[in-house]
Each structure stands twice: as C-alpha cells, then as structure tokens.
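Trainee: I would like to learn how to read aromatic rings and their surroundings in a model. Please take me through it.

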Amino acid sequence: MSHLPPSTTQQHERDSRSASQDLQRRLTERQLAMIAIGGAIGVGLFLGSNVTINQAGPAVLLTYVLGAAVSLVVAYSLAEMAVIHPVAGAFGIYAEKYLNPWFGFTVRATYGLIQIVAIGAEVTAVAIYFQYWFPNSPQWFWVALVSSGIIAINAAQVGNFGEFEYWFALIKVIAIIAFIVVGVGLILGVAHRPPIGFRNLTAYGGFMPHGVRGMWLALTIAISSYMGVEVIAVTAGEARQPEKAIPRAMRTIVFRLILFYVLAVGVMVTMSPWNQSSDGTISGSPFVRAFASVGVPYAALLMNLVVITAALSSANTNLYLSTRMLFSLARGHYAPTQLGHLSRNGVPHYALIASSMGMVVAIMLAIYVPKRAFLLMYGSAVAGMYFVWIVILLAHLRFRRFIGSKVNELPLRVKFFPMSSFLAIGALLALAGSTFYVDGLQYSVPIFLILLVAMSVAYGAARRQHTSDDMILETAPSMADPEP
C-alpha cells in the first residue's frame with residue numbers, strides 16, 4: 001500500500017515516468033569531435049580577432065599559444081572526469097559531487113546563461129557578415145531569419161542534430177584549411193604572383209607594437225576562442241561508448257584547435273598590415289578584409305561565406321549546449337520541472353525555448369544599437385566563462401584526490417598535475433582582473449558578479465523549497481486514508 005493519497009500516488013507515478021525519460025546516446029565519436037569544433041571555432045576567432053589584433057598586433061600569435069596552453073589543461077581535466085562520469089550536466093555534476101551543491105548549481109546556471117548570451121552574439125555576427133553583401137539591409141532581419149532556422153534544427157532528433165552539425169563543422173574546417181593553404185601560397189608567391197613575404201609582421205611598429213601588456217590584454221578575448229572544448233563533456237550524456245569516444249574526441253579537438261587558430265591567425269596578420277585589418281571596430285571579419293586587400297578574385301566573397309558558416313555552426317552548437325544545461329538543472333530540481341521534460345523525439349523542448357531568449361535579445365539590440373550589439377553580448381559572456389573554467393579546475397583537483405591511484409587507469413591524463421592546474425587557475429583569475437583595461441569588457445566582471453549574487457539567491461530559495469517538500473513527504477503517511 002502507498003503512504004500517499006490515491007491522487008498524489010498517481011501524480012508521483014506520472015512524475016517518475018517522466019523523470020525516467022533520459023537523453024538518448026546517439027552521438028558518435030566523429031560527431032562529438034566535430035560538434036566540439038563547431039562550438040569552438042566561431043566568432044571568437046573570425047570576428048573577435050578584430051579586438052585581439054588591435055591589442056597585440058602580430059604578437060597575437062603568442063597570445064593564441066598562451067590561450068591554447070590554458071585550454072589544454074581544462075580540456076584534459078574535463079576528459080578525465082567525463083570518462084568516469086559520462087552524464088548530462090557534465091561539469092555541473094562534477095562540481096556538485098567534488099566541491100559542493102552551490103558550485104554545482106551556479107556553474108550550470110552560469111554556463112546556461114552565457115551560452116544563451118553567446119547564441120545572441122553568434123547570430124549578430126551572421127547579420128554583420130551578411131551586411132558585407134547587403135550593406136543597406138537591416139541587421140535585425142538577418143538575426144531573426146537565422147535564429148528561426150537554428151531553432152528548427154535543434155528541435156529535431158539529437159541524432160539528426162549531430163549529423164547536421166558534423167557536416168556543418170566539416171565544411172568550416174575544410175574552408176579554414178583552404179584559407180591557410182591559399183594564404184601561405186600568397187605569402188610565398190606561388191601561382192605567378194609576387195610574394196607578399198613577411199614584412200607585415202614587423203613593418204608597422206614591430207612584432208610586438210604594444211608590448212607584453214598588449215599581448216596579455218588580447219588574451220582576455222583570445223582565450224574565449226577556445227571556450228568550447230568543454231562541449232565534449234556536456235555531450236557525454238548522449239555519447240556512444242563514452243569511455244572510448246571522449247578521450248579520442250578531446251585529443252582531436254584540442255590539437256586541431258591549436259593548429260587552426262595559430263596557423264589561421266598567423267596567415268592573416270602576415271597577409272595584410274595588422275593596423276589595417278584590425279581598426280578596432282566590429283564591422284566585419286578581418287579574415288575577409290585580408291583576402292580583399294590582396295585582390296584575389298572572389299576570395300573575399302568565399303571567405304565571407306566561410307565565416308557565416310562558422311557563426312551558424314557555433315550558434316547551432318551553443319543552442320544545443322544551453323538547452324542541455326537547463327535540462328540538467330531541471331532534473332536536479334534547481335529549475336522549473338518543465339525544462340526537464342523531453343519531447344517524443346528526445347529533445348528537451350521547453351529548455352530549447354528558454355535557451356532561445358538570447359536570440360530575442362539579439363534582435364532587440366540589432367534594432368536599437370546595431371553597431372555595439374556584438375561586443376555587448378560577447379563581452380557579457382567572457383567573465384562567466386572564466387568562472388566556469390575555474391570551477392572545472394577546482395573540481396578536478398578534488399576529483400584527483402578522490403580517485404587516488406586509479407588515475408593511472410585513465411586513458412587520458414593532465415600533464416604536470418597539479419602545477420599545471422594551479423597555473424591555469426592563476427592565469428584565469430589574472431585575466432578576469434585584466435578585463436577592466438579592455439575596451440568593451442570593462443563591465444563584464446561586475447555584471448557577472450551581480451548575476452552570481454542573483455543565482456545564489458535563487459539557489460537558496462530552491463534549497464528551502466527542497467527542505468519544505470521533504471518535510472511534506474515525511475508527514476504524508478499521517479494524511480493517508482486508513483487501509484480498508
């Protein structure tokens with residue numbers, strides 16, 4: 001006999017059946033790797049490099065190398081934990097298990113919020129790219145059109161999403177490789193064209209025109225280009241054979257990202273003067289301007305198509321990530337239960353609707369402040385990502401203490417642990433402090449701290465609600481009808 005009244009018992013059974021629904025493991029290893037690339041190679045590289053090049057000059061190459069070192073530590077830390085715990089919610093679950101519930105809640109809420117904001121930045125970037133071809137068209141029109149298509153893709157079955165994103169990201173990767181190959185050819189002077197040479201690396205104020213300070217300040221945004229490697233851990237709950245797929249995919253994504261970023265940025269600043277490609281404004285991609293400056297027929301047009309594809313791919317992946325993180329919060333009873341419901345094709349449809357709000361904000365900004373829309377949205381997400389990465393590293397430090405000697409059985413391990421982890425945490429804290437000196441990022445940390453306080457209040461309210469519900473359940477037998 002149940003201790004709950006008949007109506008309550010039936011509701012409890014319905015809730016249990018709903019909770020037993022789970023995300024489906026339909027993402028393959030190749031899809032995992034490409035989804036991660038799709039999430040990482042986007043506007044941080046193709047549009048945000050306007051700001052990084054303006055800060056560092058040609059020394060932006062060293063900036064991306066430093067960013068790669070930090071991202072490598074974070075990525076491998078995540079891979080270790082994801083192999084042991086391949087669950088939806090990923091590092092939110094790890095933070096709750098190895099730190100405390102507050103960290104588990106705030107890191108998931110932060111990640112969900114900043115991905116929602118990042119989606120708005122990505123679709124805003126697409127609108128900016130389209131204005132290269134249609135300069136008189138309203139920016140909001142492209143934002144609305146692109147947003148509708150991305151929502152439709154994410155509403156499809158996750159296996160379909162994975163396959164779509166695989167080809168989406170593959171096109172982007174091939175295009176980046178083509179950009180590097182063609183750029184190197186132009187620099188060396190193949191195909192009967194005079195070589196561009198390497199004078200652009202030193203001719204305009206030297207290799208490091210703004211010194212070490214400029215190179216470091218550029219890292220505040222450059223490192224955000226690598227913020228996407230964590231996607232493999234987020235998708236672990238829907239990965240086939242996660243113990244094999246996750247380590248392989250993580251190795252693939254990290255080293256491909258480093259290679260693509262360093263080579264692509266290196267080719268770009270070599271092809272055209274850094275102080276012309278990066279004029280400090282967000283009015284188009286410096287990659288497009290680099291090709292336009294050398295006069296190769298249709299090259300700038302094709303490159304603009306590439307950066308549009310890159311932004312679409314990133315927005316598509318970010319919508320996936322924020323949807324899954326809100327789903328995880330709901331399943332952990334820290335968000336409305338509706339966000340944890342799945343549609344018949346296995347998609348958290350209510351969480352998808354909530355995650356689309358960043359696009360609504362992007363449309364409003366595109367109407368009222370189109371020139372500032374991108375940096376307002378992108379900059380707002382930067383401090384949140386610093387927090388997420390720091391929490392991941394802190395959770396990993398406790399994870400290592402917990403598993404002890406079993407670390408030797410892991411298929412992938414962090415090098416030079418724990419020193420590498422402490423250095424990475426220190427770098428992220430220093431970068432957060434440096435945002436006050438970067439135009440467009442001055443308010444990133446203060447805005448995030450306000451959000452963190454708000455999330456903490458919401459967490460306290462959720463905890464009190466849990467306690468109240470538990471007390472009701474404990475006293476429920478006294479309210480039950482006597483047994484016939």
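Trainee: Is W133 buried or partly exposed?

Mentor: Buried means under 20% relative accessible area, exposed over 50%, and partly exposed in between, with a 1.4 Å probe and protein chains only. W133 has 28% relative accessibility, so W133 counts as partly exposed. F130, at 17%, counts as buried. This is a predicted model: local features need pLDDT of at least 70, side-chain atom pairs count only at pLDDT 80 or more, and totals for chains, interfaces and linings use all residues. Residues are numbered from 1 along each chain as its sequence is written, and side-chain values use heavy atoms, leaving out hydrogens and water.

Trainee: How many aromatic pairs are there?

Mentor: Rings of Phe, Tyr and Trp (its six-membered ring) pair if their centres lie within 6.5 Å; planes under 30 degrees apart count as stacked, over 60 as edge-to-face and the rest as tilted. That rule gives 13 aromatic pairs. For Y98 and F399, the centres are 5.5 Å apart and the planes at 85°, so this pair is edge-to-face. Both Y98 and F399 are buried. F130 and W133 also form an edge-to-face pair, with 6.0 Å centre to centre and 70° between the planes.

Trainee: Which residues are in the cluster linked by ring pairs?

Mentor: The cluster consists of F130, W133, F134, W140, F141 and W142.

Trainee: Which residue lies over the face of F417?

Mentor: A charge sits over a ring if NZ of Lys or CZ of Arg is within 6 Å of the ring centre and within 35 degrees of the ring normal. R400 lies over the face of F417, 4.3 Å from the ring centre. K97 lies over the face of Y98, at 5.6 Å from the ring centre.
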